[in-house]
Amino acid sequence: VTFDGFANKPDLIDPATGEYAPRNVDIDNYHTRTTEGRLIHSYRLGGRKNNFSANFRYFNNSMDRRQRGEGTTGSDYDISITGDFQRDMNLKSESFAIALENQLFLSEKLSITPGIRIETGSSKMTGRIDYIEETQVPKTIAYDFATLGIKANYQLNTYSRIYGGFSQANRPVIFQDIIPGNPLMLISDDLEDSFGYNAELGWENSSIPGLKYNITLFQTSIGNRLGNIFVEQEGQTFIQKTNIGNSLTNGIEFYLDYQLWKGNNWNMSFYTSTSLMDARYSSGEIAGEEGNQDISGNRVEAAPKWLSRNGLTGHFKRLQILLQHQFVGDTYADALNTDTPPESGAVGIVPSYHVWDLNTSYQVSPNFIVRAGINNLLNESYFTKRPQMYPGPGIWASDGRGFVVSLGFKL
């Protein structure tokens, strides 16, 4: 039960009726069945132990989705509606997937692991949507994927290794992509599934006493991303959901864990997990204020350049104290990279933010532990995204300072 509208639309009593605006009622009913199986088998080849794994998954889901019902004007929870739902649909999804991997040791230090994942299935939509023709509602999305991957690991010595890998990935068209939001929105008949890959090369080392670190270079490609463009039909302009372009992300991840001091009854260590990413559209266009606009070179929305998590841990006898810090760089909420948000706050910059947390634990006895913590220690005011869907375009504010205390018993 929701109040529809942008974040700057006030929910006020209408002077003409003396009541609030009717609520919007959406009801979903899910019926889901999933079966999974996994197998791991070790065998010897060429005098070396190798490992083979296989897993399968069968998924069958039927969802009854009723949306945009005109609800009551009261303030109590009430899902009764006046008239019919504007959207009354049944959505069925079924898929079968199998994945195979084989770890082969070419020598005592070098192993390679090729793999393949095959998936086949379909999604079917039937029912009624008031603002489009009845013949346009039934849709079937069939898909068949075969994605490949390979990874390698070279053990330099007991404490150090080099690793790398390449794997394909896909994101099939889903129901959300084929349901028009309003009468002026069209869905392309030629929607293609998104397809891409991830490649990485890394080095892990713990040869220096008290120090562990890991450095990884990676590249992620996503093709056939989905978005909206303007199209004209019979002299009228519509917004159409279609494939709008491709993106490429280059980045580096760094992890370090270092023991600063160590005594008989106490020690202190520091860790950081930090990544630098450059995620940009390599090609594409999207609907904007000036018609369809080229977005080549624009930053990908919701992808911060910097993401860093750091912590300082101290142990003194039975007491442990952990001070954690998180920094997330600024991001854009849309592919057009809108800087200044409109009054509704639906798009624009999502500013960077810092958050500090403090957690402690005390082992009272071998079977009893007390934990206490303060989340958002400095009571930072920030937000992480500007959602376009539920609960409506605007800002999702994050929690302020919070306290937690827990007791642990071992029986």
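Trainee: Which loop does N337 lie in?
Mentor: N337 sits in the loop between β15 (331-332) and β16 (349-350). Strands here are DSSP runs of E with at least two residues, helices are runs of H or I with at least four, and both are numbered from the N terminus. This is a predicted model, where local features need pLDDT of at least 70, side-chain atom pairs count only at pLDDT 80 or more, and totals for chains, interfaces and linings use all residues. Residues are numbered from 1 along each chain as its sequence is written, and side-chain values use heavy atoms, with hydrogens and water left out.

Trainee: OK, and is N337 buried or exposed?
Mentor: N337 counts as buried, at 14% relative accessibility. Buried means under 20% relative accessible area, exposed means over 50%, and partly exposed is in between (1.4 Å probe, protein chains only).

Trainee: What is phi of N337 near?
Mentor: Phi of N337 is near 55°, a positive value in a residue other than glycine. A302 also has a positive phi, near 60°.

Trainee: Where is A302 found, then?
Mentor: Look in the loop between β12 (291-294) and β13 (306-316). A302 counts as exposed, at 62% relative accessibility.

Trainee: New topic: how many residues does the largest nonpolar core have?
Mentor: That core has 15 residues, and M89, L91, M125, I129, I178 and I179 have the most contacts inside it. A nonpolar core is a set of buried Ala, Val, Leu, Ile, Met, Phe, Trp, Tyr and Cys residues joined through side-chain atoms within 4.5 Å.

Trainee: Which elements give two or more residues to this core?
Mentor: They are β3 (87-105), β4 (110-129) and α1 (175-178). Another core, of 12 residues, lies apart from it, with A279, I295, V300 and A303 among its members.

Trainee: And aromatic pairs, how many does the structure hold?
Mentor: It holds 6 aromatic pairs. Rings of Phe, Tyr and Trp (its six-membered ring) pair if their centres lie within 6.5 Å; planes under 30 degrees apart count as stacked, over 60 as edge-to-face and the rest as tilted. The rings of F368 and F409 have centres 5.1 Å apart and planes at 15°, so this pair is stacked.

Trainee: Which strands do F368 and F409 lie in?
Mentor: F368 is in β18 (residues 368-375) and F409 in β19 (residues 402-409), so the pair ties together parts that are 41 residues apart in sequence. F368 is partly exposed, with a relative accessible area of 22%, while F409 is exposed, at 60%.
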